[in-house]
Amino acid sequence: MLAESLALSAVLFSIGAIGVLTRRNAIVIFMCVELMLNAVNLTFVALSKVYGMAGQVFVIFVMTVAAAEAAVGLAIIIAIFRHKQTVNLENINLLKG
Amino acid sequence: MPIDVTLPGGLTLALVPDLILMAGAMVLMLWSAWRPDSASHQRSVGIGALVVTLITTAAVIWFVASGAAAKQGGIVAVDSFRWAADLIFLLATFIAIAISIDYNTREGIDAPELHVLVLFATSGMMILAAARDLMIIFLGIELMSIAVYVLAGLNRRSARSAEAAIKYFLLGAFSTAFLLYGIALVYGATGSTNLAVIGETVAKYRLGDSPMLLAGIALLLVGFGFKVAAAPFHMWTPDVYEGAPTPITGYMAAAVKAAAFAAFLRVWIEGFSGAYLRWHLAVWWLAAITMVLGNVVALAQQNLKRLLAYSSIAHSGFVLVALVAGTPAGSSAFLFYLFAYTLATMGAFAVIVALGQPGESDLTIDSYSGLWNDRPWMAAAMTVFMLALLGFPIVGGIGFLAKWYVLQAALQAPAPQFKLATLLVITTTISAGYYLQVVRVMYMKPRPANAPARLPAGRLTQIVIGAAAILIVALGLFPDSIAGFAQRSVAQPTTTAPAAPGRMAVMSPGSAGAGR
């Protein structure tokens, strides 16, 4: 079971990373980041079967932090929407150089 | 005074400075919500934040003076590396809050919570410097980053500020995911998140060849590379630094980077020194690419904030050279460098705040032309900061010594880094092209007749600029106290692995003074 779980989380993490790099919608990118975080959670849970509780404790911390990050991130996305009327990163290009 | 951090009481005692800072920040948060937002309230909360910073600094200094030390083990470190890093963060925090009080007044940002968020970010940094467990490092990084995401977008009326915030947030969260996956794989390979246990396990079972550990180290390297803005993970830096409010840019360039570096160094030296031969080459290339790219691209910049962004990337490369050395001398050179860099960078951003026009419209290098005639003291201070960043002797003060110690550490390591040291010297020469350009414009180029009149700078900003410039020059002339403190503040590898060169070389006491 351990090898399969680790492989699955590696696949999920890669899907998330590819999504971040290829998509241009801020909300979709944020969802891909969340997918990456949850893939890591799966790794921790799978490993805690071998090493004991620490992995599961870590998962609780990661979920808490991800919730805080989501609150701040969605607020920032709303702020940019108010300025630009879009959350597509292709149209967010004031800063260049 | 020995502290046993494995007991709850000892752990609380070891975290007293962090707890003071957090408690102060929470009280200030209530105070900032107590009254409606206004310019005077913003100022009063800012003064309160300065007081909290000073009290925390006093607590840290008390710990340094008491010689508190913890036994190995536990999840937080009580060593002088931590206190030295804390003092660097608190210095940057003090300057950032002081200049943002004046900046907010000028820009009309009536947001007293800015100062509170800076304090929360600083408490995250202090946790990072103390952390001896990957779990604590993750929490420290997130506590710091989430506060700084908000700070980058604090000027809500500015589209640039919002854009900086979203770019910083998306790439910051992306890099956090890499960091976290790296932690998970290291946990999988060694069975622990504690750095001391990881260090022992890696050395004892010779895990240097374990693919899971190597993948974990590689992912951690990517995550930290993003956080310290090392090329090729630096893409976000110029945009975010340009768009964020100027005092916050300085805070990010100095304190956030220093905190990420402190954790980076501790993880690498305490956790992975047993696998030195495996990661050495990767960090080597990271340092080389960062130095070259940061310095060369900075030459083309016209906007001063972008220029300093690339300069900060270049300095990441210089600091990485100290990490590649992997010795105690490298680790003390690392702290000394971060101190000098923090003073010079915060000083330079304070000058930008002092001379800025409302709306941040006036940030090109050319807008500094004729500064020597209008504001001779401001021009002199900016010259000191630029020359300190360049590493010029005497006038550049400790900037020169910082580069000198890094070079010395790189050349005296058991595996001397001749190529990297050569590259450091060459790229420093390149960096003269843009630092001296700023100085030349200030002294030699007349100010155009139609340029807007310069506004008077705030009192606090002036005091901070003067103090930073004087400190840089004075400590450059009398570096013994601070160099001695940096030499005692080394992160020790926990293992006796034969592959770890950190065991063998110790900087001789007399060698530090040779820099003068």
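Helices are DSSP runs of H or I with at least four residues, numbered from the N terminus. The legends below describe a predicted model.

View 1. H8(B) spans residues 195-204 and is mostly covered. Seven of its ten residues are buried. They are Leu195(B), Ile198(B), Gly199(B), Glu200(B), Thr201(B), Val202(B) and Ala203(B). These buried residues pack against three helices of chain B: H7 (159-190), H9 and H11 (246-271). Arg206(B) follows H8(B) and has a positive phi, near 50°.

View 2. Gly223(B) belongs to helix H9 of chain B, residues 211-228. Buried or exposed? Gly223(B) has 25 other C-beta atoms within 10 Å, and 20 or more count as buried. Gly223(B) is therefore buried. With neighbours within four places in sequence set aside, Gly223(B) contacts Ser175(B), Thr176(B), Phe178(B), Leu179(B) and Gly182(B). Tyr181(B) lies 42 residues from Gly223(B) in sequence, yet their C-alpha atoms are 9.2 Å apart.

**View 3. Helices H14 and H20 of chain B cross.** H14(B) covers residues 328-355, and H20(B) covers residues 480-488. Their axes come within 7 Å and cross at roughly 135°. The crossing is right-handed. From H14(B), the contact takes Ser332(B), Leu335(B), Phe336(B) and Phe339(B). From H20(B) come Ile482(B), Ala483(B), Ala486(B) and Gln487(B). By class, the contact of H14(B) with H20(B) has six nonpolar residues, two polar and no charged.

**View 4. Helices H1 and H2 of chain A pack together.** The axes of H1(A) and H2(A) come within 8 Å. They cross at roughly 165°. The contact of H1(A) with H2(A) has 19 nonpolar, five polar and one charged residues.

**View 5. Chain A as a whole.** Chain A has three helices and zero strands. From the N terminus on, its elements run α-α-α. The radius of gyration of chain A is 16 Å, well over the 13 Å that the globule rule gives for 97 residues. Chain A is therefore more spread out than a compact globule. Along the principal axes, the C-alpha atoms of chain A fill a box of roughly 50 × 25 × 20 Å. Of the 97 residues in chain A, 29% are buried. Among contacts in chain A between residues at least 6 apart in sequence, 45% join residues at least 24 apart.

**View 6. The contact between chains A and B.** Chain A gives 32 residues to this contact, and chain B gives 33. Which elements of chain A give two or more residues to the side that touches chain B? They are helix H1 (2-22), helix H2 (26-51) and helix H3 (54-84). H3(A) gives the most, with 15 residues. By class, the side of chain A that touches chain B has 26 nonpolar, five polar and one charged residues.

Definitions and conventions. Residues numbered from 1 in each chain as written. Chains lettered and ligands numbered in written order. Predicted model: local features only at pLDDT ≥ 70, side-chain atom pairs only at ≥ 80, totals over all residues. Contact = placed C-beta atoms within 7 Å. Nonpolar A, V, L, I, M, F, W, Y, C, P; charged D, E, K, R; others polar. Buried ≥ 20, exposed ≤ 12 C-beta atoms within 10 Å, placed from the backbone. Axes fitted to C-alpha atoms, helices over the stretch in contact; angles between N-to-C directions. Left-handed = near helix turned anticlockwise from the far one by under 90°. Rg over C-alpha atoms; globule rule 2.2 N^0.38 Å.
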